[in-house]
Amino acid sequence: MSGSSAGPAGDAGGDPRSDSAERSADDPPGDPHETAAVRDRLDRVEDPELARSIVELDYIDAIEVDGDRVEVRFTLPTAWCSPAFAWMMATDARDEVEALDWVREARIELCDHMHGEEITAGVNARDGFGETFPDADGDVAAVRAAIADKARVSRQREAVRTLLDAGADPEQVVSLERSDLTVDGDEAHVDLGGLSLVVDAAPIADYLDRVTTSGHVTEPGDTLFLTPEGDPIRADRLDVVQKRSRLAAVNMGGQGAVCDALHRARHGPDGPDGSGASYVDSSDPDERAYDGDVEEFTSTWTLGTDD
């Protein structure tokens, strides 16, 4: 999925300043509580290629709060990142920040991008992507849908693997409906026809978010796990679907490795904030394609492309 992965844009969950009546007139511009609230909203915005937060990825350069106006500046790993993806991140950032009820206007600036001026002007003028790029082939809606489905397939693999590892058999997994799963804190409770299974909530909740956002599972009786095409899975084909889902996960991990290398080459090995955070999820062996060494990655990439 691309862009915001949170609930409805009007939900200012976690905002310490959600009640505008409680805002003190003595709060100076740039109050740390307000800045933190803005950052929390930006954490809901994702790089569509990576399905990772733009805050986590260190894209945010600056947050400036002046009363009820907020300015956010961000930079992508390269100057030639897809204009459609950049547009999605910029518009989602604007909408998330303006979901804070004390924010009247958010201005978003895309820095150091080949189309930065056009995207900055178009987003802040509330123009559409087609108005800003009249020669573009289509709009961002189709791109959003494709990216959301890619994230769904990638996250499904981990959710299914969690259930299988916990003792569920393929027939039980492919028969699950949305109403059979309940997430409660750190646990997910799975009803397997009279038998309750308790598993780690994280991969289940992540998948539920993706499959709901993609529009495939919206009702309690909807089949929970689907093929990449959105069809029910036969039990004897679950392993094949898992292999296909793995390709989506590896693809996103590979994209993360490329972005990671370019980002570090641009800002240094510790990144713009000195954290040294990597885009690659080291907890998943299928996505451990790159360890953060720019020179090593460049050499490997060169050999691969020469072949």
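Let's start with a definition: two strands pair if DSSP finds at least two bridges between them. Strands here are DSSP runs of E with at least two residues, helices are runs of H or I with at least four, and both are numbered from the N terminus.

Hi everyone! This is a predicted model, where local features need pLDDT of at least 70, side-chain atom pairs count only at pLDDT 80 or more, and totals for chains, interfaces and linings use all residues. Residues are numbered from 1 along each chain as its sequence is written, and side-chain values use heavy atoms, leaving out hydrogens and water.

Now, our pair of strands. Find Ala-188, and opposite it in β8 you will see Val-199. The two strands make a hairpin with 4 residues between them, and Gly-193 in the turn has a positive phi of about 70°.

Is Asp-186 buried or exposed? It counts as exposed, because its relative accessibility is 68%; buried means under 20% relative accessible area, exposed over 50%, and partly exposed in between, with a 1.4 Å probe and protein chains only.

Let's turn to two other loops. Ile-233, between α7 (201-213) and α8 (238-267), is buried at 7% relative accessible area. Its C-alpha atom is 9.7 Å from that of Pro-170, 63 residues apart along the chain. Val-103, between α2 (83-98) and β5 (105-111), is also buried, at 8%. Its C-alpha atom and that of Val-70, 33 residues apart along the chain, are separated by 7.1 Å.
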